[in-house]
Amino acid sequence: MAENEMTMTQKSSTFKRFRDSLQQGIYFIINPFVRFLIRIGVTPNMVTTIGLLGNIAAAAIFVYAGYSATPGTDMNYPLITWGGVVIILFSLFDMLDGQVARLGNMTSTFGAMYDSVLDRYCELFTLGGLSYYLIQTGYVIGALITFVALVGSIMVSYVRARAEGLGLECKVGFMQRPERVVVTTIGALATGITGQGVSPADFDAVNILIFCMAVIAVFANITAFARINHCRRLLCKK
């Protein structure tokens, strides 16, 4: 058991180093734009709000795609593609707001809370929009899988927030918000692009989206329970 825990810790540490290195590389690229935003008077909370509005727009695209689709005939794949594009574009604001706060010396406790709350709203809207699309196009099981993905996504964040309220650090697990955004975006883009280029008789492109939702559903919930177990072990040591 001890060896297994040590191996898992080492894997988690390796993944964290890779994730941090990737994040620093992205910061290096976006920092000039961040400094421009600071110069023109943009605040971190403004950036966070813009990110939310963009994710609401993506959700609206998914909802309209589902509402106007004709199951089996016209699945509105171009709209699903555009929804994925909008998510990835406005999810960049997820990184921008923190950098604007740090480089502009505008960090605040309220700003951190505001960012965290709006992140949850973003996921509720986008995954809710995808779930509606799947229901409207006849993929009820896929919609249920997306709902489970949404539950896991919210619980990952809730467990961390609850742990920090008890004075515990809880950042374990690998299906955190950036990873969930990437998987959701890949699912939407791959589904939309494939659906436009492949005949439905040869391959049902919606299966790509459902698979990506299943990945989030499984690993987000595993991450949530891993965090619960992490907190249990920390509390048992006190």
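How exposed is Tyr 121? I find Tyr 121 partly exposed, because its relative accessible area is 43% (buried is under 20%, exposed over 50%, partly exposed in between, with a 1.4 Å probe and protein chains only).

A note to myself on the ground rules: this is a predicted model, so local features need pLDDT of at least 70 and side-chain atom pairs pLDDT 80 or more, while totals for chains, interfaces and linings use all residues. Residues are numbered from 1 along each chain as its sequence is written, and side-chain values use heavy atoms, with hydrogens and water left out.

Next I searched the whole structure for aromatic pairs and got 2 (rings of Phe, Tyr and Trp, the last by its six-membered ring, with centres within 6.5 Å; planes under 30 degrees apart are stacked, over 60 edge-to-face, the rest tilted). Phe 110 and Tyr 114 are stacked, because their ring centres lie 5.6 Å apart with planes at 25 degrees. Both residues sit in helix H5 (residues 109-136), 4 residues apart, about one turn of the helix (a helix is a DSSP run of H or I, at least four residues, numbered from the N terminus). Phe 110 is partly exposed at 47%, and Tyr 114 is partly exposed at 22%.

Tyr 121 and Phe 125 are a stacked pair, 6.4 Å centre to centre with 25 degrees between the planes. I place these two in helix H5 as well, 4 residues apart. Phe 125 is partly exposed at 35%.

Last, I checked for disulfides and found 0 (cysteine sulfur atoms within 2.5 Å). Cys 212 is buried at 8%, whereas Cys 236 is exposed at 58%.
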